[in-house]
Amino acid sequence: MAEVEGGAVMIWRGYRVSEWTCDVLVIGSGLAGLTAAWAAARAGARVLVACKGFAGADGVSPFAGGVVLYLLPEDDEEEFLREHEHLNEGLIHAEVLRRVIRQNASLWQAWGRWGAPLEREMDGSPRRRWLRIGGRSHVPRLVVDSVELMRFLRRLALRSGVRLLEQTCLTGLLKDPAGALAGAVGFRRQDGELVIVRAPAVIVASGGCSWRGAHMGQHNVMGDGYAMAARFGAELASMEFCASYVATCSLFDSHGQCVLAALGGQFRNRLGENILIRHGLPEPAPTHQLALAMILELLEGRGPVRFDLRGISEEERRDWEERFPLVARGLQRTGRDVFAEPVPWFPGFTGSIGGSGGIRWQRLGGWTSIPGLFVAGDAAMRTPITGAGSGITFLNLAWAGVSGLWAGLSAAGWVRGRSAPEPERTDRAIEEGLRETVEPLERRKGPSPRSVLRQLQQVVVDPCVSFLRTREGLQAALSRIREIRREAEGLQARDWHDLACCHEVRHAALVAEAMLASAVVREESRGWHRRLDFPNPGGPVWEVWTAARLQGEGADADFEVWLWPPSSLRAEPPEGADDLLRG
Ligand SMILES: Cc1cc2nc3c(=O)[nH]c(=O)nc-3n(C[C@H](O)[C@H](O)[C@H](O)COP(=O)(O)OP(=O)(O)OC[C@H]3O[C@@H](n4cnc5c(N)ncnc54)[C@H](O)[C@@H]3O)c2cc1C
């Protein structure tokens with residue numbers, strides 16, 4: 001098997017720089033990234049994965065609730081689609097979703113055969129649970145130990161010849177003089193080494209943007225992939241659906257909590273009222289409707305909202321503790337018995353992770369408008385799958401796996417017969433990329449990234465600004481974000497860890513701008529997009545998606561936003577997935 005070349009170290013302006021050459025560079029080692037890397041390697045490509053932490057243990061994937069959609073051919077697909085479309089308030093592409101659901105079933109069957117950590121029936125088949133969560137009446141799902149699953153995927157990728165570049169923060173994509181994609185640059189934050197990767201294809205699987213949300217794993221997903229792709233000329237899509245929240249326990253911030261709601265827990269306000277009943281919502285309510293109800297309870301002075309689990313039987317409790325041992329242990333360590341004593345929960349911000357915006361793809365398989373640039377997982381727009389609502393609690397993990405599989409195959413197919421760009425063809429871009437990477441370290445003065453991040457969060461995470469929207473409020477927030485973006489261009493880094501934060505803040509500010517600019521354009525309310533000045537869904541005229549493209553250079557660049565119809569999306573996935581999964 002051909003191998004990734006590299007590791008050679010040179011010195012540039014006093015910095016150590018390592019250089020790598022591969023066919024496919026994958027940015028990110030979450031569920032999407034490791035699956036993409038494995039698929040591309042199995043399809044014959046030399047694959048390098050760059051990620052900020054330890055591959056398989058960073059990003060949000062290891063901390064997910066581990067609840068995955070698992071619809072089989074004998075299930076009523078059409079009924080599921082109808083309920084799903086209704087609960088997510090439209091914008092779903094039925095054909096795309098059908099293909100994802102079917103591929104998802106064969107993907108998990110293959111992983112199950114190869115030893116993935118799934119619950120099993122006596123005959124060894126994956127055990128399905130018909131959970132009532134996220135607004136769905138009864139949808140078959142797998143319950144997966146996310147931590148073990150990610151370890152399994154790491155082993156799968158390594159066994160297929162994938163090379164890992166860990167603790168590496170990529171900062172920009174490389175363009176050759178002809179304008180073609182040529183790889184990426186970045187640095188390793190632990191040893192302060194700069195990194196150059198030459199590659200004709202790049203899969204962006206760098207997760208979403210949570211503007212440093214509260215949940216575990218979110219510190220590494222700051223929208224770097226969205227921003228790097230947008231700066232390269234790629235388009236973002238559905239960005240107005242990026243302000244999402246998920247009901248979160250105030251004692252402990254991890255996965256498995258949503259299943260507690262499925263067991264029959266109830267959210268009650270300070271007056272003891274069930275908040276879903278108060279807001280006329282179904283029980284269980286879709287994630288975005290529950291979040292909205294919680295936010296309104298807090299804003300209208302009826303907080304805190306407590307989660308009442310006292311109606312749950314001992315047997316159900318023991319079953320949950322067995323399924324989610326890590327969460328159960330974490331909760332135990334708080335010293336409070338949440339099954340006996342209702343404790344406060346709050347709408348925890350998940351940004352684009354629970355929403356559906358991301359890098360626009362035009363054809364299944366992660367094909368973007370930039371030749372050689374592919375996208376998968378949370379980094380990709382997910383409106384065709386999750387509409388205006390949320391994919392957390394079952395569809396996001398399904399999408400991360402399937403989109404990773406398809407992007408890996410597409411990228412491997414794309415590079416066949418192409419080689420990494422010649423050194424002299426990219427040298428100027430490399431020089432520029434490295435200079436931009438270290439700039440904050442070399443500045444003598446400038447604001448700290450953490451202080452600017454706090455300002456950014458005040459605009460984005462505040463539901464009154466980014467969720468309960470008006471044209472005036474959005475315009476004011478946009479002006480503020482543009483100021484923050486300019487400030488973010490002059491950040492100073494004290495060390496290499498700070499440097500990562502500088503790039504993240506710069507990227508997250510750009511993503512915030514794309515979100516707000518897209519939100520101005522959509523004059524209606526649905527899913528995660530709530531306009532107080534247009535409080536109702538806008539009907540058929542709004543059955544379209546938004547796209548946003550960065551125009552101009554540097555801090556003065558602006559997003560142009562336009563509308564595009566679902567009919568222009570190509571729903572044929574790449575070939576080869578079934579052969580790969582049979583192996
Ligand atoms: C609390 C919570 C619970 C959830 N529960 C569920 C659930 O039960 N079911 C479900 O379907 N979904 C769930 N989700 C959503 C699901 O976890 C995600 O959609 C999915 O894991 C995303 O996978 P990913 O590979 O796209 O991204 P991630 O797993 O976030 O991986 C991103 C990767 O990109 C890397 N990266 C980022 N920027 C850079 C950079 N500049 N350079 C190099 N590397 C970079 C990171 O280091 C990381 O490796 C949950 C989410 C949260 C927050």
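Biologist: How many bridges join strand S14 to strand S17?
Modeller: This is a predicted model. In it, S14 covers residues 244-249 and S17 covers residues 343-351. The two strands run antiparallel. Within the pairing, Tyr245 has Phe349 of S17 as its bridge partner. The bridges joining S14 to S17 number six.

Biologist: Which residue in S17 is the bridge partner of Val305?
Modeller: Strand S16 spans residues 305-308. S16 pairs with S17 in the antiparallel sense, over three bridges. The partner of Val305 in S17 is Trp345.

Biologist: Which element gives the most residues to the shell around the ligand?
Modeller: There are 47 residues around the ligand, and Gly28, Gly30, Gly59, Gly65 and Gly377 come nearest. Elements that give two or more residues to the shell are helix H1 (31-42), strand S5 (67-69), strand S9 (168-175), helix H5 (224-232) and helix H12 (395-415). With four residues, the top contributor is H12.

Biologist: How many residues of the shell around the ligand are charged?
Modeller: The nonpolar class holds 21 residues of this shell. The polar class holds 22. The charged residues number four.

Biologist: How many of the residues of H12 are buried?
Modeller: H12 has 21 residues and reaches 30 Å from its first C-alpha to its last. That is close to the 30 Å expected at 1.5 Å a residue. Just after H12, Gly417 takes a positive phi of about 85°. The helix itself is mostly covered, and its buried residues number 20 of 21.

Biologist: How many charged residues has the side of domain 1 that touches domain 2?
Modeller: The domain assignment gives domain 1 as 8-114 + 141-242 + 352-425, domain 2 as 246-345 and domain 3 as 439-541. The contact between domain 1 and domain 2 takes 17 residues from domain 1 and 13 residues from domain 2. On the domain 1 side, nine are nonpolar and eight are polar.

Biologist: How far apart do the C-alpha centres of domain 1 and domain 2 lie?
Modeller: Domain 1 is assigned in three segments, 8-114 + 141-242 + 352-425, and domain 2 as 246-345. Their C-alpha centres lie apart by 31 Å.

Biologist: Is Leu91 buried or exposed?
Modeller: Leu91 sits in the loop between helix H2 (77-87) and helix H3 (94-113). Its phi is positive, about 75°, although Leu91 is not a glycine. Leu91 has 23 C-beta neighbours inside 10 Å, so it counts as buried.

Biologist: Is Arg13 buried or exposed?
Modeller: Arg13 lies in the loop between strand S1 (5-12) and strand S2 (15-21). Phi of Arg13 is near 45°, a positive value in a residue other than glycine. Because Arg13 has 11 C-beta neighbours inside 10 Å, it counts as exposed.

Biologist: What separation is there between the C-alpha atoms of Glu315 and Gly490?
Modeller: Glu315 is placed in helix H9 (residues 314-323). Glu315 is exposed, with 8 other C-beta atoms within 10 Å. Glu315 and Gly490 are 175 residues apart along the chain. Their C-alpha separation is 57 Å.

Biologist: What is omega for the cis peptide bond that joins Gly303 and Pro304?
Modeller: Pro304 is in the loop between H8 and S16. A cis peptide bond also joins Glu283 and Pro284, with omega of about 5°. Pro284 is in the loop between helix H7 (275-278) and helix H8 (287-299). For the bond of Gly303 and Pro304, omega is about -5°.

Notes:
Residues numbered from 1 in each chain as written. Predicted model: local features only at pLDDT ≥ 70, side-chain atom pairs only at ≥ 80, totals over all residues. Near = placed C-beta within 6 Å. Nonpolar A, V, L, I, M, F, W, Y, C, P; charged D, E, K, R; others polar. Pairing = 2+ DSSP bridges. Domains from an automatic or database assignment. Contact = placed C-beta atoms within 7 Å. Expected span 1.5 Å × (residues − 1). Buried ≥ 20, exposed ≤ 12 C-beta atoms within 10 Å, placed from the backbone.
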